[in-house]
Amino acid sequence: MTTMKLVFISLLLLSTAPYASLALRTQVHSLSESSNSKNYLTTQELWFNQTLDHFSPFDHHKFPQRYYEFLDYFRISDGPIFLEICGESSCNGIVNDYISVLAKKFGAAVVSLEHRYYGRSLPFKSTTTENLRFLSSKQALFDLAVFRQYYQESLNLKLNRTSVENPWFVFGGSYAGALSAWFRLKFPHLTCGSLASSAVVLAIHNFTEFDQQIGESAGAECKATLQETTQLVEERLASNKQAVKALFDAAELEIDGDFLYFLADAAVIAFQYGNPDIVCSTLVKAKNNGDDLVEAYAKYVKEYYLGTFGSSVQTYNQKYLKDTSLNKHTGDRLWWFQVCTEVAYFQVAPSNDSIRSSKVDARYHLDLCKNVFGEGIYPEVDVTNIYYGGTNISGSKIVFANGSQDPWRHASKQTSSPDMPSFLISCHNCGHCTDIRGCPQTPLSLEGNARNCSSPEAVEKVRHQIIEKMDLWLSECRAGSWSSM
């Protein structure tokens, strides 16, 4: 589903959102919502017992998994069921984004399942590396399949009917967008189709395109200023690292790589979530005025990234990532485990013309995986892409959508095929999950309102194309049998 560290900025941002932010170490954290009740269709928790290990014929342990349902728009006679996948963060309700608009249009029930291990869906009382052995996308997909069957049966019971199969449609953004695409790939008989928003379906070891996209989105002047700022920070690190870290309120980051990753993410988040001018205007103005760029960037980081956006320095501290107790930073450790075992997405500095420090390289990431989780932990990128197909996914009835300024789009499917259209929403502030969240992508725009996008027309055009595909595929479901889809 922002920078690795992201994956849960959500944590805060994500803590309430169904989609995480892959960019940051913060939990993708990403798309975070406040406790404002208007941000949710519902926050009423429901529970069911989920199988812990779907791949063992002997282990039948269960754990409680949290979910939500919203039936206000549901047309009981023939309405579809929308399954909204929660990603790498706590799932605190069904968010009132553009999916709620689609639910009204199609008369759909909306259900949302929290990802295993995240939030309150806890199989264990600690997150030791041994206890994380059942945390994977493969297990999560089976969770969704089992839940889908469970919910259909429970809905039939609630409505006093038997053997009814509603048409289902699956939604997800970011990592959850990948899960949405993979669910249709692996369980085509259980859903009429999927919307894969900013879906990171390609596992990548050295994700240099990530940094390159930030440079492209920034434009020449802002890019050059960001690069100069990075160089100046590195020079000060060499002469007085304690002072420069303290300037950013990040003195606790003893590992220089953690500090430099933190600074890279702070810039990334502005582009990823539709607020590019916040960082560019600040630095370019400082440059033109002859002000100290490092001090100007520190002011931005403290006021916006740590303040308004709500990220945390601890998210980047490997000391805290090693903490196996359950706490508010647990989601960061969980996402890093998935990164370090399945998908990588290592946002390394390109060999030339990089914005982020060259010290944020593959070795830094691999050392983090080893330090946090122990020997023998590394991402099986090739295995993941063989299993799912990467951007050559051989599925059907999956809609992919990406924002032009989102660095994560380079891990998504960006070429269309007849049964898997891919749409690019192009505008100055079209970033991560724009089709679902509007602009900016955080803070939340109710119902995914696109009025603040620099080109609302571009967003609405893609949404219209998504609706056309949904209407077609749901109609085909109703007309045919599940086995023929």
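# Chat about cavities and domains

Me: Which helices each supply at least two residues of the lining of the largest cavity?
Reply: Helix H4 (208-218), helix H5 (220-247) and helix H6 (256-272) each do that. Helices are DSSP runs of H or I, at least four residues, numbered from the N terminus. A cavity is a set of points on a 1 Å grid, over the protein atoms alone, where a 1.4 Å probe fits but cannot get out, and lining residues have an atom within 4 Å of a point.

Me: Before we go on, what kind of model is this?
Reply: It's a predicted model, where local features need pLDDT of at least 70 and side-chain atom pairs count only at pLDDT 80 or more, while totals for chains, interfaces and linings use all residues. Residues are numbered from 1 along each chain as its sequence is written, and side-chain values use heavy atoms, with hydrogens and water left out.

Me: OK, which helix gives the largest share of the lining of the largest cavity?
Reply: H6, with 5 residues. The whole lining has 15 residues, and Thr 230, Leu 263, Ala 264, Ile 355 and Arg 356 lie nearest the centre of the cavity.

Me: How do the residues of that lining divide into nonpolar, polar and charged?
Reply: 10 are nonpolar, 3 polar and 2 charged. The space inside is about 170 Å³.

Me: And what volume has the second largest cavity?
Reply: About 50 Å³. Its lining includes Gln 65, Cys 86, Glu 114, His 115, Arg 116 and Asp 143. Helix H2 (residues 137-158) gives the largest share of that lining, 3 residues. By type, the lining has 6 nonpolar, 2 polar and 3 charged residues.

Me: Switching topic: which domains does the chain have?
Reply: The domain assignment gives domain 1 (40-201 + 390-482) and domain 2 (208-381). Their centres, taken over C-alpha atoms, are 29 Å apart.

Me: How many residues of each domain are in contact?
Reply: 33 residues of domain 1 with 31 residues of domain 2, contact being heavy atoms within 4.5 Å.

Me: What area do domain 1 and domain 2 bury between them?
Reply: About 2,700 Å², with 60% of it on carbon and sulfur atoms. That's accessible area (1.4 Å probe) lost on putting the two parts together, summed over both. Thr 127, Pro 407 and Trp 408 supply 22% of what domain 1 buries against domain 2, more than any other three residues.

Me: How many salt bridges are counted between domain 1 and domain 2?
Reply: The count is 1, where a salt bridge is a side-chain nitrogen of Lys or Arg within 4 Å of a carboxyl oxygen of Asp or Glu.

Key. On a 1 Å grid over the protein atoms alone, a cavity is a set of points where a 1.4 Å probe fits but cannot get out, and a pocket is an open set with protein on both sides within 12 Å along at least five of seven lines; lining residues have an atom within 4 Å of a point. Grid points are joined across faces, edges and corners, and a volume is the space filled by probe spheres set on the points. Ala, Val, Leu, Ile, Met, Phe, Trp, Tyr, Cys and Pro count as nonpolar, Asp, Glu, Lys and Arg as charged, and the others, Gly among them, as polar. Domain bounds come from an automatic or database domain assignment.
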